[in-house]
Amino acid sequence: MRGTVGGHPVHVRTRCGNNGGMSDSPALLADPHLVFDPVAGDGPKDVVVLGSTGSIGTQAIDLVLRNPDRFRVTGLSANGGRVGLLAEQARRLRVRTVAVAREDVVPALREALSGEYGSAEPLPEIIAGPEAATQLAASDSHTVLNGITGSIGLAPTLAALEAGRTLALANKESLIVGGPLVKALAKPGQIIPVDSEHAALFQCLAAGTRADVRKLVVTASGGPFRGRTKEQLAQVSVEEALAHPTWAMGPVITINSATLVNKGLEVIEAHLLYDIPFSRIEVVVHPQSYVHSMVEFTDGSTLAQATPPDMRGPIAVGLGWPERVPDAAPAFDWSKASTWEFFPLDNEAFPSVNLARHVGELAGTAPAVFNAANEECVEAFRKGALPFNGIMETVTRVVEEHGTPHAGTSLTVADVLEAETWARTRARELAAQTAEARA
Ligand SMILES: NC(=O)c1ccc[n+]([C@@H]2O[C@H](COP(=O)([O-])OP(=O)(O)OC[C@H]3O[C@@H](n4cnc5c(N)ncnc54)[C@H](OP(=O)(O)O)[C@@H]3O)[C@@H](O)[C@H]2O)c1
């Protein structure tokens, strides 16, 4: 299959010479049987890393630096909170462009780059401002890794798709808030999920046909509060919520793992990527985080993808697919005994997954409202304004008040932004009322 995206020639081919049946029906957003090649050629793939100073970004850069024959980073983007690290990354990777969202940090960034490069070498181009990541996402490259945190990642996601880049997607929020927009732009095989659960599902789905899939089983570590009752959760602190038992991640996703909102977002993400109804997506608690998700096929077989928890594995799938990157992350040592446990989810203590299913079914702007309200409530919890259970109580109220505008209609970016702004304002108001009542 040949065509053009954003004026660039692209080549969509089937893996292993057949389509494994996944692609008989309308293409999936993420399809392991299809390879989207914006610029098939020899030499390393040009990669743009958005959110380069974060947890995903730094691990991606580690992988790139260990595989110079496979990948070359041409552009970096960050908010601007860690200019020293950004300048060091730019120098080590010899990038063309560095993008920062905060214009006020440009002098400090220039100084840090001068310190790194010395006077003999020209500095990379700097682009700055709220649109900088979006601009960089559309610049020349083979793959854009979106490792920005939050729904601010939507515009760069859309820009990368429109420009015809392969999109290695860690920023799940952009898919959740703008699902129909992403679906309308993405070509078959253009998105490769980086979230560990969806990268696992992607790899398991490669083993069968679409018609053979009975259900997706998304695993959850259960977070730091696994086994606690709703009453016990009422008193937990920010420090406890930030202490994830198996994964070292950025603060927002870590707190989202404690509330299990992250799992709820992932259920919506799985539904959008693999076009499986919510009723056939199950969540199971697996405290060790060895099995990253599973696919149950109609013959009763379940395929699981398993590695010790290390995001460099899924990042390598996102950047390297359909090839595997040797030694991307450590493998298991099978000479040592280990215990792998699975438990059902306690939906009463953690109502977030069911609420996510509900907003996912509503569609329209409901997922954007759920996500935006949650981002505000996480911030309020971190500042001590909301108790832990107050996060979900407030998000539930905002979702109820929003109702179902735009469900069943075609969504626009303006609809999403308007719904998000409303949800953020309403969540802040409700959180302030709670803080006042508790004072
Ligand atoms: N971490 C994980 O293991 C993991 C696993 C699965 C999925 N994910 C997903 O991956 C995404 C990133 O998570 P993370 O844990 O890596 O977050 P993080 O550590 O908080 O890093 C976020 C990155 O985004 C940058 N950023 C923030 N606002 C920006 C803007 N307006 N423009 C450009 N860059 C901006 C930050 O820059 P500054 O440093 O300048 O603030 C930082 O580089 C999230 O969507 C998360 O859900 C993460």
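Strands β13 and β14 (residues 302-306) form an antiparallel pair held over five bridges; strands here are DSSP runs of E of at least two residues, helices are runs of H or I of at least four, both numbered from the N terminus, and two strands pair if DSSP finds at least two bridges between them. Within this pair, Val291 sits opposite Ala306 of β14. Four residues separate the strands of the hairpin, and Gly300 adopts a positive phi near 95 degrees there. Strand β13 (residues 291-297) also pairs with β11 (residues 213-220), again in the antiparallel sense, over four bridges. Here Lys215 faces Glu296 of β13.

The model is a predicted one, in which local features need a pLDDT of at least 70 and side-chain atom pairs count only at pLDDT 80 or more, while totals for chains, interfaces and linings use all residues. Residue numbers run from 1 along each chain as its sequence is written. The average pLDDT (the predictor's confidence in each residue, from 0 to 100) is 93 for the protein chain, and 93% of the residues score at least 70. Over residues 17-23, however, the pLDDT falls below 50, although this stretch has 17 contacts in the model beyond near neighbours in sequence; a contact requires C-beta atoms, placed from the backbone, within 7 Å of each other. Where pLDDT is low, predicted coordinates should not be read in detail.

Turning to the helices, α8 (residues 196-205) is mostly covered, with 10 of its 10 residues buried. A residue counts as buried with 20 or more other C-beta atoms within 10 Å of its own, as exposed with 12 or fewer, and as partly exposed in between, the C-beta atoms being placed from the backbone. Among the buried residues of α8 are His198, Leu201 and Phe202. The packing partners of these buried residues include β11, β13 and β14, along with α12 (261-274).

Helix α12 contains Ile268, which is buried because 26 other C-beta atoms lie within 10 Å. Leaving aside residues up to four places away in sequence, Ile268 touches Ile176, Ala356, Gly360 and Pro367.

The ligand is surrounded by 31 residues, the closest being Gly51, Gly54, Asn79, Met249 and Gly250; a residue is near the ligand if its C-beta atom, placed from the backbone, lies within 6 Å of it. Two or more residues of this shell come from each of α1 (55-66), β5 (71-78) and α6 (172-177), and α1 gives the largest share, three residues. Because domain 1 (2-198) and domain 2 (199-438) both contribute to the shell, the ligand lies between them; the bounds come from an automatic or database domain assignment.

Conventions
Two residues are in contact if their C-beta atoms, placed from the backbone, lie within 7 Å.
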